[in-house]
Amino acid sequence: MNNYINIKDLPSVELAVQEAISLKSDPNKYRSLGTHKTLVMLFFNASLRTRLSTEKAAKQLGMDVIVLNVTDAWQLEFDSGVIMNLDKSEHVKEAAQVISQYADILAVRAFPSLKDKEKDLSEWIITSFVNYATVPIVNMESATGHPLQALADAITIEELKTKSKPKVVLSWAPHPKALPHAVANSFIEIMQTIDVDFTITHPEGYELHPDIVKDTSVVYDQEAALKDADFVYVKNWSNYKDYGKITSEDSSWMMTQKKLKTAKFMHCLPVRRNVVVEDAVIDSEQSIVIAQSNNRTYAAQVVLKKILENG
Ligand code: AN0
Ligand code: CP
């Protein structure tokens, strides 16, 4: 594997999940693989889990890690042929090549604008790094995908399922801030590759990109969708058609103990309590959000290991 931009870059999701589970029982087994190699992590946005779990994963592979919050660096220009006489001090063409002098792998987090749909869909930031860097690129959440989170979620379901084909439901939740589609997109994509009975539920109008949803069943009636669920993944996303807008804050979509019944509760975190999910759910034994965040380390470790093994 060279880059990890999308879960489709994994040769096999199933094998990656199994490898992550075995790494977990001996996380330092491949410490020599990354010796004298450096991971640079570039953050255009805030992070708690991605930053710490990816650094931990790299260190368990023996790598050195350098983190740069781009707000501390020069403002980057991404467009070609621009007369750079305004606020941008450096072009991504130089920046990506320069970072490649210090890095063996470059990981990037860059959220969408949620204003310019076409530009966000073009994945202009992460694509610029793929195009101009001379080292492999790892997606730590881009405009349209969060494949490290999705892999951690698939690992968590594999570890905690009690039947061979569990029912998994992705359930939209209200949120006061417009959030990206990335987590939902990658979760859908990975659920489509593993052996689960998968349903999506959201208010009418909140349809995600049809190229992502494909033939996955979408049920607008949340209660009907949640029937007999084993895992309920709760996530807000802003409107995709009316791009980046909040067209519903309907609090009746919040996840409650009454709706969850006996299912396990999943969320990528960070989560707003009593807006997205009530305390009684996230504080209960049915919540597996901490297990998900623990698996971020092993998801990142599998990805970095595969890239290092590729030379
Ligand atoms: C981000 C999102 O929804 O994409 C990051 C989640 C991992 N969440 C927030 O900005 C709250
Ligand atoms: N789930 C996740 O990616 O969390 P952070 O935004 O804190 O990295």
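Mentor: Let us begin with a term: domain bounds come from an automatic or database domain assignment. This is a predicted model, in which local features need pLDDT of at least 70 and side-chain atom pairs count only at pLDDT 80 or more, while totals for chains, interfaces and linings use all residues. Residues are numbered from 1 along each chain as its sequence is written, chains are lettered from A and ligands numbered from 1 in the order in which they are written, and side-chain values use heavy atoms, with hydrogens and water left out.

Trainee: Why is ligand 2 said to lie between domain 1 and domain 2?
Mentor: Domain 1 (7-145 + 296-309) and domain 2 (147-292) both give residues to the shell around ligand 2, so the ligand lies between them.

Trainee: What makes a residue part of the surroundings of ligand 2?
Mentor: A residue is near a molecule if one of its heavy atoms lies within 4 Å of it. For ligand 2, that picks out S47, L48, R49, T50, R109, H146, Q149, C268, L269 and R296.

Trainee: How do you know that R49 makes a polar contact with ligand 2?
Mentor: A polar contact is a pair of N or O atoms within 3.5 Å; within protein, one must be able to donate a hydrogen and the other to accept it, and residues adjacent in sequence count only if both atoms are side-chain atoms. A side-chain N or O atom of R49 is 2.8 Å from an oxygen atom of ligand 2, so the pair meets the cut-off. R109 also has a polar side-chain atom 2.8 Å from a ligand 2 oxygen, and the side chain of Q149 places an N or O atom 2.9 Å from a nitrogen atom of ligand 2.

Trainee: How much of ligand 2 does the protein bury?
Mentor: Alone, ligand 2 exposes 260 Å², and the protein buries 93% of that. Such areas come from the Shrake-Rupley method with a 1.4 Å probe; for residues, only the protein chains shown count as cover.
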